[in-house]
Amino acid sequence: MGYVAVKGGTIAIEESIKKLKYERLKNKRILNVEDIRGGMRGLIDQVMSESSLYSEELAAIAIKQTQGNAEEAVFILRAYRSTLPRKHYTKVVDTNNMFVERRISASFKDIVGGQILGASYDYTHRLIDFDLSNETIDEALNWVKEFEAQYIEKEDNTNLGKLPKVVDYLRKEGLIKSCVDDNSEPLDITKKSLEFPSHRSERLQILTRGQTGAVTSLGYAALRAYGATHPTVGELRTGKLDLYIDNPLNSPDDDDENDDFYIGDISVTEVESFIPNMIEKKYGKKELEFVIGYGICYGQNETKAIAMSIIDNCLENPDDRYPTSNEEFVLYNIDSVESTGFISHLKLPHYVTFQSKLDSVRKTRKEK
């Protein structure tokens, strides 16, 4: 359930909303939506992922409206998303065709196409850069101009749109089982209420739009003590995926890919983790194999995608001893709107129920 504010005390509520706007404007500074879009990439990616709505502009507006409060921004974007008509479905996207901007493997040092570090805080010292407080737009523009002249215009023969998957190395050696393609229609949790046991398509959808901190915390919990053997990131890649829809003028039976409509691209982070799994063989022998945990989400959202791959494996290969293998526990608790809404509803009036409890306590004490 999604809790929202109750009606009542109209004048007081209107004054509260005015005070909220005053808090946003009292420093006499107005954030430009384009500045948020250009300078808060990480927050925009997080909000888009948790909202299941890919629009940098709308995410920037929501962040401005909520004064940087991610949970409120996600709430209003989810609400807006629910009003939109669904006119088309995109064609199935093959991430093998991702235009890669960053690609690393913790499993192999040398991979075809090479490790591409891209843009990441992983290699910084994570010390505050006090120079940013005096940064000017002219300095920024000059730096970008020099960078583009030095790197962007260089020729590179590597086809970043056709880099092979690292997992294929292990499949060729028979160390990871080949999977049978499941081309059945995925279930959509925004159109049909979740039921248990759930389908993997539902689990992945909930995980990818789960609250980033919650997904990360459960992934960490699984690693630390609750059912996940230490995985290795087989491949993490961030980049752009082209999206196509069927020609709306064609008949349903017409499957001419050359007639598809290109509608744009999206940035995503994809992770395939290799998780060791000891299997029992005949005569008490044990054999080590690897299973895959999968994670994908909007934007550059790497920690969440890795944690998602860990939880995906926990739910796909459950161990009843651990809460991280309980799909109801995991899937209900990581949803940002559901969880923050339920916690926030505790601020709303509970006068009648509390007075009832209070009367019960008074009566018990009086009888004693």
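**View 1. Helix 3 and helix 4 lie roughly perpendicular to each other.** This is a predicted model. The axes of helix 3 (residues 41-51) and helix 4 (residues 56-65) cross at roughly 100 degrees. They come within 9 Å. Helix 3 contributes Leu43, Ile44, Val47 and Met48 to the contact. Helix 4 meets them with Glu56, Ala59, Ala60 and Ile63.

**View 2. A salt bridge joins Arg37 and Glu34 within helix 2.** The N to O distance is 3.9 Å. The two residues sit three apart in helix 2 (residues 33-39), about one turn of the helix. Arg37 is partly exposed, at 33% relative accessible area. Glu34 is also partly exposed, at 47%. A search of the whole structure finds 23 salt bridges.

**View 3. Glu302 pairs with Arg102 in a salt bridge.** Their closest N and O atoms are 2.6 Å apart. Glu302 belongs to helix 10 (residues 302-316) and Arg102 to strand 1 (residues 99-104), so the pair ties together parts 200 residues apart in sequence. Glu302 is buried, with a relative accessible area of 13%. Arg102 is buried too, at 1%.

**View 4. Arg200 and Asp312 form a salt bridge.** The closest N and O atoms are 2.7 Å apart. Arg200 lies in helix 8 (residues 200-208) and Asp312 in helix 10, 112 residues apart. Arg200 is partly exposed, at 30% relative accessibility, while Asp312 is buried, at 1%. Shared partners join Arg200, Arg203, Asp312, Glu316 and Glu327 into one salt-bridge network.

**View 5. Trp143, Val144, Phe147 and Tyr151 make a nonpolar surface patch.** The patch covers about 410 Å². Tyr151 lies in helix 6 (residues 137-152). Tyr151 is partly exposed, with a relative accessible area of 43%.

Technical notes: Residues numbered from 1 in each chain as written. Predicted model: local features only at pLDDT ≥ 70, side-chain atom pairs only at ≥ 80, totals over all residues. Heavy atoms only, no water. Patch = residues over 30% accessible without salt bridge, like charges linked within 9 Å, V, L, I, M, F, W, Y side chains within 5 Å. Areas by Shrake-Rupley, 256 points an atom, 1.4 Å probe, with all protein chains shown as cover. Salt bridge = Lys/Arg side-chain N within 4 Å of Asp/Glu carboxyl O. Helix = DSSP H or I, 4+ residues; strand = E, 2+ residues; numbered from the N terminus. Buried < 20%, exposed > 50% of the residue type's maximum accessible area, 1.4 Å probe, protein only. Axes fitted to C-alpha atoms, helices over the stretch in contact; angles between N-to-C directions. Parallel < 35°, antiparallel > 145°, perpendicular 65-115°, else oblique. Contact = heavy atoms within 4.5 Å.
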